[in-house]
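Subject: Structure for your review

Dear colleague,

Please find below the structure that I am handing over to you. My findings follow directly after it.

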Amino acid sequence: MKHEEKKAAKIIEELTMYFFSLGANTISSKIEKQEGNMRITFRADYLPEYEEDIEYLEECLGNEQRNAGMEDVYWELIGSGDPGESSQLLLLAMLVDKYEIRKFGNEVELQLDRKCGI
């Protein structure tokens, strides 16, 4: 299970750096562990001129599916590139089974679900 916690921390790290690059002043995150599942809730604000970047994040999450084989090899690379790089966002997407994005003005909330032990 230790790797599962590290993966969740990497996801939050990448999202935190991504939203800092979008001008975030307020960021919060929460991890809930349940038997066989981990839910990450992440909320941040962003500057209005970065609306397209939020849409791009949603596109990356929607176009990539979790890939357990790739995940085992590449998960440690998350956070090693520049925030918002396509490769970083696609790596992030490979770690998530299900996602939901909700926008509230210039704030966004992401809910990311991971099945543990896949």
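Beyond its neighbours within four places in sequence, Asp113 is in contact with Asn37, Met38 and Arg39, and also with Val96, Asp97 and Lys98. Please bear in mind that this is a predicted model. Asp113 belongs to strand E4, which covers residues 107-115. Its relative accessibility is 7%, so Asp113 counts as buried, the limit being under 20%.

Leu57 deserves a separate entry. Not counting residues up to four places away in sequence, Leu57 touches Leu15, Tyr18 and Phe19, together with Leu89, Leu92 and Leu110.

I then turned to the aromatic rings. How many aromatic pairs are there? The count comes to two. One of them joins Tyr18 and Phe19 in an edge-to-face arrangement, with 5.5 Å from centre to centre and 85° between the planes. Tyr18 and Phe19 are both buried. In the pair of Phe19 and Phe42, the ring centres are 5.6 Å apart and the planes stand at 40°, so this pair is tilted. Phe19 lies in helix H1 (residues 2-21) and Phe42 in strand E2 (residues 37-45); the two are 23 residues apart, and their pair links distant parts of the chain. Phe19 has a relative accessibility of 0% and therefore counts as buried. Phe42, likewise at 0% relative accessibility, is also buried. Tyr18, Phe19 and Phe42 make up one aromatic cluster.

Finally, I looked at the cysteines. A disulfide is a covalent bond that connects the sulfur atoms of two cysteines. How many disulfides does the model contain? The count is zero, a disulfide being taken as a pair of cysteine sulfur atoms within 2.5 Å. Is Cys60 buried or exposed? Cys60 is buried, its relative accessible area being 4%. Cys116 has a relative accessible area of 17%, so Cys116 also falls under the 20% limit and counts as buried.

With kind regards

Terms used:
Residues numbered from 1 in each chain as written. Predicted model: local features only at pLDDT ≥ 70, side-chain atom pairs only at ≥ 80, totals over all residues. Heavy atoms only, no water. Buried < 20%, exposed > 50% of the residue type's maximum accessible area, 1.4 Å probe, protein only. Phe/Tyr/Trp six-rings, centres within 6.5 Å; stacked < 30°, edge-to-face > 60°. Helix = DSSP H or I, 4+ residues; strand = E, 2+ residues; numbered from the N terminus. Contact = heavy atoms within 4.5 Å.
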